[in-house]
Amino acid sequence: MSTLFEKIAAREIPTDIVYEDDLCLCFRDINPQAPVHLLIVPKKPIVRIAEAGAEDKETLGHLLLTAQLVAKQEGFAEKGFRTVINNGPDGGEEVPHLHLHILAGRKMTWPPG
Ligand code: AMP
């Protein structure tokens, strides 16, 4: 059975896609926590960081470089942004398909909740 994010990548569930390449997809979060809230998702359904393997090294690096790319593309690279990966129950993970949150458009606070 495919994950929610595989269904989004297959266009079975509509969403606002802002970037796509061979390895990943970037789209707007349906429940934004900041003026800009994007998700970068590998097309390979890696479950979470804790379950990634050495063979995923290129994909994992690609997600961060894609964050840089979409930050420039969407115009918030200079003002700044936050990247978040939730992992497991205590990490706040809801969707078991690895994804990088990109939050921007307001000043972030620290520590996060
Ligand atoms: P996490 O809690 O880190 O697993 O994040 C899952 C994220 O997926 C949440 O921020 C949700 O708002 C988001 N989400 C769930 N369903 C959709 C959808 N259909 N389109 C876009 N974002 C979604």
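This is a predicted model: local features need pLDDT of at least 70, side-chain atom pairs count only at pLDDT 80 or more; totals for chains, interfaces and linings use all residues.
Let's begin with helix α2, which runs over residues 57-74. Its 18 residues reach 26 Å from the first C-alpha to the last, close to the 26 Å expected at 1.5 Å a residue. Look at which side chains are tucked away: Thr59, Leu63, Thr66, Ala67, Val70 and Ala71 are buried. These residues sit on the same side of α2, because they cover an arc of only 135° around the axis.

Turn to the face pointing away from the buried side and you'll find the exposed residues Lys57, Glu58, Leu64, Leu65 and Lys72. Just after the helix, Gly75 takes a positive phi of about 85°.

Now for the empty spaces. Rolling a probe the size of a water molecule over the atoms shows where empty space is left. The largest pocket holds about 550 Å³ of space. It has 23 lining residues, and Asp29, His37, Leu39, Glu94 and His101 are the ones nearest its centre. Which of them gives the most to the lining? That's α1, with 3 residues. Sorted by class, the lining of the largest pocket comes to 11 nonpolar, 8 polar and 4 charged residues.

The second largest pocket has about 260 Å³ of space. Among the residues lining it are Gln33, Arg82, Leu103, Met108 and Trp110. Strand β4 (residues 81-84) provides the largest share of this lining, 3 residues. By class, the second largest pocket is lined by 5 nonpolar, 4 polar and 2 charged residues.

Trp110 also takes part in a backbone detail: a cis peptide bond joins Trp110 and Pro111, with omega at about 0°. You can find Pro111 in the segment after β5.

One last stop is Arg11, in the loop between α1 and β1. Its phi is near 65°, a positive value in a residue other than glycine. Is Arg11 buried or partly exposed? With a relative accessible area of 48%, Arg11 is partly exposed.

Methods
Residues are numbered from 1 along each chain as its sequence is written. Side-chain values use heavy atoms; hydrogens and water are left out. On a 1 Å grid over the protein atoms alone, a cavity is a set of points where a 1.4 Å probe fits but cannot get out, and a pocket is an open set with protein on both sides within 12 Å along at least five of seven lines; lining residues have an atom within 4 Å of a point. Grid points are joined across faces, edges and corners, and a volume is the space filled by probe spheres set on the points. Helices (H or I, at least four residues) and strands (E, at least two) are DSSP runs, numbered from the N terminus. Ala, Val, Leu, Ile, Met, Phe, Trp, Tyr, Cys and Pro count as nonpolar, Asp, Glu, Lys and Arg as charged, and the others, Gly among them, as polar. The expected span of a helix is 1.5 Å times one less than its number of residues. Buried means under 20% relative accessible area, exposed over 50%, partly exposed in between (1.4 Å probe, protein chains only). The arc is that of the directions from the helix axis to the C-beta atoms.
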